Amino acid sequence: MASELLNAARRGDEAAIGYVLHGHRHPAELLKAIDDTGRTALHLAARQGHEESVRRLVAAGAAIDCAGGPAGGTPLMSSCRAGHTACARLLMEAGADVHLRCAKGVSALFLACQYGHLECARLCLDAGASVDAATQEGGTPLFAACKHGHTDCACLCLDAGANVEAAFQSGGTS
């Protein structure tokens, strides 16, 4: 049953998600199942931008802030990395913690800026994400936006009060 749930989440098949969860004796345990990369059904649905699947999984009690995948990211990080603003908003409304970071210290805001997803970055900042939160290597969301040529995200960070003097450990600045 776990593989059916994971595959349904990956495909965005909310009817199948509902069917699998309804037919399982312990749906809360099923929601903890992970794929071969360590991601839960909620990670997979959020990563693919399947808003209705995310909604169904959250309503069923999926752990919103669980770490998963190779880097230990949250479903919110998956949504922001891929630019799925609607899923990110839904997760935040359900209580996702915008301040969490993966094992390398990367936040949802950092990922949104790194991949140029302005609306996700704005959503994170509006939810109180720290504009100067640095990764373990010292990179800030502003640095990520600049490094990858996302001037709109860089301007958003600057407008939010990003510290332009924040040094990257390699010696450069944002």
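**Close-up views of a predicted model**

View 1. Cysteine 113 is buried, with a relative accessible area of 0%, in a structure that is a predicted model throughout. A search of the whole structure finds zero disulfides, and cysteine 113 accordingly takes part in none, the nearest cysteine sulfur being that of cysteine 157, 3.6 Å away.

**View 2. Cysteine 120 and cysteine 80.** Cysteine 120 is also a buried residue, with a relative accessible area of 1%. The closest cysteine sulfur to that of cysteine 120 belongs to cysteine 80 and is 4.4 Å away, which is too far for a bond. Cysteine 80 itself is one of the buried residues of helix α6, and it is listed among the residues with the most contacts inside the largest nonpolar core.

**View 3. Helix α6 and what covers it.** Helix α6, spanning residues 75-82, is mostly covered, with six of its eight residues buried. These buried residues are Pro75, Leu76, Met77, Ser78, Ser79 and Cys80, and what covers them includes α4, α7, α8 and α9. Just after α6 comes glycine 83, which takes a positive phi of about 80 degrees.

**View 4. The largest pocket.** The largest pocket holds about 640 Å³ of space, and of the 30 residues that line it, Ala71, Arg81, Val106, Leu111 and Gln114 are the closest to its centre. Helices α4, α6, α8 and α10 each supply at least two residues of this lining, and α6 gives the most, with four residues. By class, the lining of the largest pocket is made up of 12 nonpolar, 12 polar and six charged residues.

**View 5. Histidine 43 in helix α4.** Histidine 43 lies in helix α4 and is buried, with a relative accessible area of 1%. Leaving aside its neighbours within four places in sequence, histidine 43 is in contact with Cys66, Ala67, Gly68, Gly73, Thr74, Pro75 and Ser78, and of these Pro75 and Ser78 are buried residues of α6. Leucine 158, which is 115 residues from histidine 43 along the chain, has its C-alpha atom 30 Å from that of histidine 43.

View 6. Threonine 85, in helix α7, is buried, with a relative accessible area of 18%. When its neighbours within four places in sequence are left aside, threonine 85 is in contact with Glu119, Cys120 and Leu123. Arginine 122 has its place in helix α9, where it is partly exposed, with a relative accessible area of 31%. Although arginine 122 and leucine 156 are 34 residues apart in sequence, their C-alpha atoms are 7.3 Å apart in space.

**View 7. The largest nonpolar core around valine 54.** The largest nonpolar core has 54 residues, and those with the most contacts inside it are Leu5, Val54, Leu57, Leu76, Cys80, Leu91 and Cys124. Valine 54, with its neighbours within four places in sequence left aside, is in contact with Leu42, Ala45, Ala46, Cys87, Leu90 and Leu91.

How values were computed:
Residues numbered from 1 in each chain as written. Predicted model: local features only at pLDDT ≥ 70, side-chain atom pairs only at ≥ 80, totals over all residues. Heavy atoms only, no water. 1 Å grid on protein atoms, 1.4 Å probe; cavity = no way out; pocket = protein on both sides within 12 Å on 5 of 7 lines; lining within 4 Å. Points joined across faces, edges and corners; volume = space filled by probe spheres on them. Nonpolar A, V, L, I, M, F, W, Y, C, P; charged D, E, K, R; others polar. Disulfide = S-S within 2.5 Å. Buried < 20%, exposed > 50% of the residue type's maximum accessible area, 1.4 Å probe, protein only. Contact = heavy atoms within 4.5 Å. Core = buried A, V, L, I, M, F, W, Y, C linked by side-chain atoms within 4.5 Å.
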